[in-house]
Amino acid sequence: MVTIIAILVLAVDVTMVLGKGTRVGLYSSTCPRAETIVQSTVRSHFQSDPTVAPGLLRMHFHDCFVLGCNGSILIDGAVTEKTAPPNTLLRGYEVIDDAKKQIEAICPGLVSCADILALAPRDSVLVTRGLIWSVPTGRRDGRVSRAAATSDLPGFTESVASQKQKFAIKGLNAQDLVTLVGGHTIGTSACQFFRYRLYNFNSTGGPDPSIDASFLPQLRALCPQNGDGSKRVALDT
């Protein structure tokens with residue numbers, strides 16, 4: 001799965017930036033330590049909190065899916081979160097901010113936040129023992145972040161058919177959907193993201209009829225109706 005993620009992210013990234021002045025090693029002479037700083041920052045944060053790895057991958061996915069890979073997800077007030085607990089992405093923001101500050105200290109005004117956001121997911125896959133790939137750099141930071149644009153993102157309550165359609169519009173297939181929506185999770189899901197199916201599916205006041213009746217009590221025991229929505233349940237369950 002990690003191999004698929006690496007190849008897919010590279011494909012998505014390159015597709016959305018080619019022809020816009022990007023190339024591998026752009027900062028090799030102007031800011032030679034830039035990529036090393038991003039890598040060391042990701043590794044440092046990962047050692048204290050492994051969930052930054054999927055968080056960074058998700059951030060890059062969302063950034064590229066909405067308005068292209070231009071770092072607009074980083075703009076203050078950006079509303080782009082639809083499919084993960086907010087704290088998962090918050091940790092990703094902290095990594096990007098940390099790397100940006102270090103790079104600005106030695107190469108002010110040279111390395112875009114969009115490039116850092118593209119480099120960090122590669123290093124997050126690497127630190128989780130995945131493959132490494134070359135990232136073309138030279139993106140310009142976006143200046144606009146529109147909440148309405150996030151309608152492109154697949155929501156966690158959407159049907160598979162709806163999500164497949166959104167991916168198809170981007171030239172991506174069902175395997176890409178499974179990889180990007182499911183493959184970058186941290187092995188658990190918060191109750192708040194599926195509890196509606198246990199108690200009030202489609203405002204019916206009852207459970208999703210597609211859930212196996214013998215499995216429903218187990219899920220309800222793990223996620224009580226009025227319990228803590230942030231409680232996480234293993235995806236294997």
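The axes themselves are lines fitted to C-alpha atoms, for helices over the stretch in contact, and the angles run from 0 to 180 degrees between N-to-C directions. The structure discussed here is a predicted model, in which local features need pLDDT of at least 70 and side-chain atom pairs count only at pLDDT 80 or more, while totals for chains, interfaces and linings use all residues. Residues are numbered from 1 along each chain as its sequence is written, and side-chain values use heavy atoms, with hydrogens and water left out.

The secondary structure of the chain comprises nine helices and four strands (DSSP runs numbered from the N terminus, with helices being H or I of at least four residues and strands E of at least two). Along the sequence these elements follow the pattern α-β-α-α-α-α-β-α-α-β-α-α-β. Of the 237 residues in the chain, 46% are buried (under 20% relative accessible area, with exposed meaning over 50% and partly exposed in between, for a 1.4 Å probe and protein chains only).

Two packed helices are described by the angle between their axes and the distance between the axes. Helix H2 (residues 34-48) packs with helix H5 (residues 113-127) at an angle of about 50°, their axes being 9 Å apart; H2 and H5 are therefore oblique to each other. H3 and H5 cross in a left-handed manner.

Seven salt bridges are present in the structure (a side-chain nitrogen of Lys or Arg within 4 Å of a carboxyl oxygen of Asp or Glu). One of them joins Arg-139 and Asp-115, at 2.6 Å from N to O. Arg-139 lies in the loop between strand E2 (136-137) and helix H6 (160-169), and Asp-115 in helix H5, so this pair ties together parts that are 24 residues apart in sequence. Arg-139 is buried, at 6% relative accessible area, and Asp-115 is buried too, at 0%.

Asp-123 and Arg-122 form another salt bridge, at 3.2 Å from N to O, and both residues are buried. Together with Glu-35, they are linked in a network of salt bridges. A further bridge, between Glu-104 and Lys-100, has an N to O distance of 3.0 Å. Both residues of this pair belong to helix H4 (residues 86-106) and sit four residues apart, about one turn of the helix. Glu-104 is partly exposed at 27% relative accessibility, whereas Lys-100, at 19%, is buried.

What about a charged residue that has no such partner? Asp-176, in helix H7 (residues 174-182), is buried yet has no salt bridge. The nearest side chain of opposite charge, that of Lys-164, is 12 Å away (Lys and Arg count as positive and Asp and Glu as negative, with His and the chain ends not counted). A polar atom of the Asp-176 side chain does, however, lie 2.8 Å from the backbone nitrogen of Asn-173.

Methods
Polar contact = N/O pair within 3.5 Å; in protein donor to acceptor, adjacent residues only side chain to side chain. Parallel < 35°, antiparallel > 145°, perpendicular 65-115°, else oblique. Left-handed = near helix turned anticlockwise from the far one by under 90°.
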